[in-house]
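Q: Could we go through the charged pairs and the buried residues here? Please begin with the terms.

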Amino acid sequence: MRVLLVFSHPRADSYSAALRDTVRGALQRAGHAVELRDLYAEGFQPALTAAERGRYHDIPGNLAGVEDHVAALREADALVLVYPTWWYGMPAMLKGWFDRVWAPGVAFHLGEGAIRPGLANIRRIAVVTTYGSPRWLLWWIGRPDRKVMARAIRRLLAPGCRMDWHALTDMDHRKPPDLRAFLRRVDAAFSRW
């Protein structure tokens, strides 16, 4: 399977980076081809410029500057996102990747009524994330980040697309044994892909 692994964290020495490396290693050992896109390392520009917004509905002109990201997305059978959850959502860098890359003609098609999915090639999506918040607080606020992925993003993928969610909560109070245990769980999960 061809897996697009999108990583979004500004620090190369972060726990998120360790999660990225764990996911990539497990998938490669399982025989999958993994393309890593490290948004911060490659200097991805997340903000839509006025000109880009002006040509947002101009297909294919709306892909100027992100063609390589679009190609990777279109070639993928699976998508894995590794990022920390900040303020109950994805980092601005990753949100900007969705804003710029998941454009009309790529991720969806406009028509009468609801948008039509555009990425039927992606049959599986996974999120690996961490939260500073405890689990009960995420439940209380309604898990907005998971709803975006499950109800909006996944809808643009293949019918019946499987979604996997791997999250470590209460990150601000975790001890090294907890962190190592979560890395082992993530490794085991992706080794079974």
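A: Buried means under 20% relative accessible area, exposed means over 50%, and partly exposed lies in between, with a 1.4 Å probe and protein chains only. This is a predicted model: local features need pLDDT of at least 70, side-chain atom pairs count only at pLDDT 80 or more, and totals for chains, interfaces and linings use all residues. Residues are numbered from 1 along each chain as its sequence is written, and side-chain values use heavy atoms, with hydrogens and water left out.

Q: How many salt bridges does the structure hold?
A: There are 14 salt bridges. The term denotes a side-chain nitrogen of Lys or Arg within 4 Å of a carboxyl oxygen of Asp or Glu.

Q: Which side chain does Arg37 meet in a salt bridge?
A: Its partner is Asp68, at 2.8 Å from N to O. This pair links distant parts of the chain, 31 residues apart: Arg37 belongs to strand E2 (residues 33-38) and Asp68 to helix H3 (residues 67-75). Helices (H or I, at least four residues) and strands (E, at least two) are DSSP runs numbered from the N terminus.

Q: Is Arg37 buried or exposed?
A: Arg37 is buried, at a relative accessible area of 10%. Asp68 is partly exposed, with 41% relative accessibility.

Q: Moving on, what does Arg124 pair with?
A: The side chain of Arg124 forms a salt bridge with that of Asp164 (2.8 Å, N to O). Here too, distant parts of the chain are linked, with Arg124 in strand E6 (residues 124-130) and Asp164 in strand E7 (residues 162-168), 40 residues apart. Arg124 is buried at 14% relative accessibility, and Asp164 is buried with a relative accessible area of 9%.

Q: And which salt bridge joins Asp164 and Arg162, at what distance?
A: Their side chains meet at 3.1 Å, N to O. Arg162 is partly exposed, with a relative accessible area of 48%. Elsewhere, salt bridges with shared partners join Arg20, Asp21, Arg24 and Asp38 into one network.

Q: Back to helix H3: which residues are buried there?
A: His69, Val70, Ala72 and Leu73 are buried in H3. They lie on the same side of H3 because they cover an arc of only 160 degrees around the axis. The arc is taken from the directions from the helix axis to the C-beta atoms.

Q: What covers them?
A: The cover for the buried residues of H3 includes strand E1 (2-7), E2 and helix H4 (92-101), where contact means heavy atoms within 4.5 Å.
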